[in-house]
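Please have a look at the structure first, and then read the points below alongside it.

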Amino acid sequence: MSDVLAVVEHRRGSPRDVSFELVTAGADLVGDTGGDLHLAVIGGDVDAFAEALSLAGVDAIHTVAEGDEFNHDVYVQAVEALSEELDPTYVLMGNTVNGLDYAPAVAERLDLPLVTDAIGLQNDGGLVVTREMYASKVESTVEVDADRAAVTVRPGEWDAAEEPGEPAVEAFSFDLDESRVRSRVTGFEEVGSGDVDITDADVLVSVGRGIEEQENIELVQELADALGATLSSSRPIVDNGWLPKDRQVGQSGKVVTPKFYIAIGISGAVQHVAGMKGAENIVAINTDPDAPIFDIADYGIVGDLFEVVPELIEQFE
Amino acid sequence: MKVLVTVKEVAEVEEDFELDGLRVADQYLDYDLNEWDEYAVEEAVQIAEESDDDVEVVAVTIGPERSEETIRMALAKGVDRAVRVWDDALDGVDLLDVGAKTRLLSAVVEEEDPDLVLTGVQANDDSFGATGVSLASAIDFEWAAVVNALDLDADGGVANVRRELEGGVEELTEVDLPAVLTIQTGINEPRYASLRGIRQAQSKEIKPLALSDLGLDAAAVESDLVLTDVYEPETESDATYFEGDAGEQAADLATVLREKGVGAQ
């Protein structure tokens, strides 16, 4: 019998998508073991979040009315207290920026093996996790050699649970040790609101690490101009300071849904794909035929961007 | 003040590669300092440069002797000295889990007694992204994960950080010291090592530490995770590929783009 405790994630008043995906992953893990799927809702408008998460497959929701926003010190203590009470086989959390800010501490406190960034989970007598290594070039399976584990699951890998259910909703209280709350969130800021709004563009020419040098950005800008498109980029370009933050597409940048997305020298790391997979048409130009960007591309050119892009510019001049 | 930076030599896999059992065959691996650690090192060195007080920057790594060449690059960029943890007991471990790394690094922290620990957000090889926060919990430091701006107020005992959340939102947080901060790429501009730095690095110390030096035994590196399979992911591409030389590829793509109204005059 496997009981699962999944921790809901929310930000600024709304449960995040990964919370609904955790329900699906958690229900899969419980499977036909006869165990229960518990959800923890910590902080914010816990009653509203519990209502939103009252889904089929969920047996119980435990609400912890403590603070408004995510605070990892509170989360760690709450999940620790809940785990002591519920004794779950698996604790599931989102592999998000906030997930990675508390899940490792939960595992450490509870002395649980931790597997992060799961893209597949199998529970047959023991837990087997599928995850990626070496920047997505290799996939691996990892067996957990213990009865219990803490796991973070990659957002977007499981379907979001939608079917309503009627789990028991219970308020859970525990003695928060204030002396162990040693960080304070003082605010939020939207970044990168410059003069260009890449979320508004019909056609994006997007440039990645394959451009190699700052001076080569000019080449893709030229293509963007020739196509009447807007220039965007993947993370390394912004990290290098070659383009401003408001041009960044991806998990930590903007989510875009243009009619055409032309990815040039972008390998297609999962964080980038999260920001552009909704584009109507995706064109990928990359030297590496195995680059993950081709998995989601509609049109592909395996080739050297420094040869293809000038030819393409010529086509539109 | 002492800043401890965790660094890791990671292998990058070439475009075409073959597997050898549970590993990528050696000839397809290029070793380098983990990308995130470059930024953590730079941040630590900048803290030392900007402080009025004496700040010692110590790098710690878990890695075999081979990794010394890579670690020396961190020394060339201004890290004062390094500690390298390795042991025969680690030789046969395919996948060192977060718990094992935490036990090793905790022992080093106990020895070094730093005021601040900087780590990269994640390592590019096993990509757990968890060691920094796990370590913080084990050594009872406060922490913040995915930090992309840091304003250290050592006298006030706090670090004011920005955490890079998803979707272009940053969280502003005050973190009590001592703390572990996991550093995100883009927080600074990592410098290139100067020739002088590279020369100086040759005489800086990289102290090897075995498990017994840290008061640990082989049980400390026993991993709860067993790597059972490694394979190339199936490509799911159903893209239409344009073949031929660059000119032909560009012409075919241009046709499609025009048909769909892109760049049409």
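1. Helices (H or I, at least four residues) and strands (E, at least two) are DSSP runs, numbered from the N terminus. Counted that way, chain B has seven helices and 15 strands. Its C-alpha atoms fill a box of roughly 65 × 45 × 40 Å along the principal axes.

2. A word on the basis: this is a predicted model, where local features need pLDDT of at least 70 and side-chain atom pairs count only at pLDDT 80 or more, while totals for chains, interfaces and linings use all residues. Residues are numbered from 1 along each chain as its sequence is written, chains are lettered from A in the order in which they are written, and side-chain values use heavy atoms, with hydrogens and water left out.

3. Now to where the chains meet. Taking contact as heavy atoms within 4.5 Å, 79 residues of chain A touch 80 residues of chain B.

4. Eleven salt bridges (a side-chain nitrogen of Lys or Arg within 4 Å of a carboxyl oxygen of Asp or Glu) are found across the interface of chain A and chain B. Glu164(B) and Lys245(A) form a salt bridge through their side chains, at 3.3 Å from N to O. On the side of chain A that touches chain B, strand β13 (residues 183-190) of chain A gives the most, with eight residues.

5. Strands also pair between the chains (DSSP must find at least two bridges between them). Strand β18 (residues 299-302) of chain A runs parallel to strand β15 (residues 240-241) of chain B, joined by two bridges. Here Tyr299(A) sits opposite Thr240(B).
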